[in-house]
Amino acid sequence: MKKSLFSGVFVAIAILILFLFLFRNRSPFGKINNSFASDPKKEITRIELSQGRQNISLEKEGESWLLNGKSETRRSGILFMIRILKEIKIKSPVSSELFYSEVIGKEIVPVKVKVFEKRKLIRSFLVYKTRSNIYGNIMKMREGSKPFIVYVPGYDGNIGSGFTLDELFWKPYTIFNLLPSEIASVDFENLSDETNSFSVINKNHHYILSDREKALNGWDSTLVTRYLSYFTWIPFESWALEVEKTEQKIIESQKPLYRITVISTKGTKTILTLWERLNGDNKSGIKDSDRLFGNIQTMDELFIIRYFDVDPILKKRSYFFPE
């Protein structure tokens with residue numbers, strides 16, 4: 001009897017040890033489904049995104065990251081993507097019913113993500129971008145895997161939006177990046193008050209300030225130099241991706257507040273046009289006192305720019321004259 005009891009206890013202990021060994025590293029969702037986060041030995045060096053026939057690559061070259069092997073990328077965008085890839089965790093599982101209604105029923109094509117360290121593939125998964133949750137995603141390891149909502153601890157924003165193949169998203173949010181010596185002319189149009197419009201022409205470091213029709217006298221050349229120095233770096237905040245094309249056409253058909261044309265010494269022309277922006281869905285009728293809509297003639301998309309960033313070049317003509 002004692003021998004039988006001893007054998008039973010021994011078997012129970014052995015089973016318990018085996019159970020702990022098998023499940024000690026498992027998550028509530030199973031080990032195979034708990035591997036969305038990338039864990040490189042040293043660092044992530046390449047990220048590939050594909051959706052249907054479209055694809056882009058983001059690859060580290062030295063201390064920089066290049067888009068499709070040639071274009072400079074926006075550092076903040078890359079750093080945020082790397083944070084997502086390293087820190088994503090499962091928030092909750094997704095039922096078959098929800099996946100069918102939010103993904104299959106809406107014919108959402110997933111973004112396939114591949115993460116590399118040098119030539120080694122260290123992680124791959126599928127991102128279904130959806131509005132069904134605040135994190136903007138439902139993810140799978142593979143087509144036949146279980147679906148989950150994935151998030152980054154400490155960040156409550158939409159991480160699904162980061163998995164985009166729009167090349168504009170990855171390029172620097174920069175409008176002007178010119179030294180004063182690289183500027184041939186600036187034509188500033190204040191379209192709500194033409195009396196404050198002006199032009200600056202740089203001829204071999206000899207400046208000419210005009211009211212856009214005739215040259216002016218009595219202005220301070222140091223103030224002109226200072227004004228041109230503000231074009232060293234003028235960024236915008238983000239692309240206005242939430243603005244539908246029909247709404248964009250309405251905005252662009254309205255009279256702008258400002259138009260600034262800059263020609264570089266190399267002959268490159270940049271035309272920045274700025275429109276008033278309304279709060280909320282742009283239908284509230286309440287002016288946004290902090291931001292404007294902007295556009296550059298070489299781009300099809302609108303962007304959002306803060307007054308804080310563009311204000312240095314929104315000067316009145318009187319700025320150049322001593323008090």
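A charge sits over a ring if NZ of Lys or CZ of Arg is within 6 Å of the ring centre and within 35 degrees of the ring normal. The model is predicted, so that local features need pLDDT of at least 70 and side-chain atom pairs count only at pLDDT 80 or more, while totals for chains, interfaces and linings use all residues. Residues are numbered from 1 along each chain as its sequence is written, and side-chain values use heavy atoms, without hydrogens and water.

**Exercise 1.** Determine over which ring Arg-46 lies, and at what distance from the ring centre.

Solution. Arg-46 is placed over the face of Phe-116, 3.9 Å from the ring centre. In a further case, the charged end of Arg-74 sits over the ring of Phe-169, at 4.9 Å from its centre.

**Exercise 2.** Classify the pair formed by the rings of Phe-36 and Phe-125.

Solution. Rings of Phe, Tyr and Trp (its six-membered ring) pair if their centres lie within 6.5 Å, and planes under 30 degrees apart count as stacked, over 60 as edge-to-face and the rest as tilted. The structure holds 20 aromatic pairs. Because the planes of Phe-36 and Phe-125 stand at 75°, with centres 5.9 Å apart, this pair is edge-to-face. The two residues are 89 residues apart, Phe-36 in the loop between H1 and S1 and Phe-125 in strand S7 (residues 120-129).

**Exercise 3.** Decide whether Phe-36 and Phe-125 are buried or exposed.

Solution. Buried means under 20% relative accessible area, exposed over 50%, and partly exposed in between (1.4 Å probe, protein chains only). Phe-36 has 2% relative accessibility and therefore counts as buried; Phe-125, at 1%, is likewise buried.

Notes. Helices (H or I, at least four residues) and strands (E, at least two) are DSSP runs, numbered from the N terminus.
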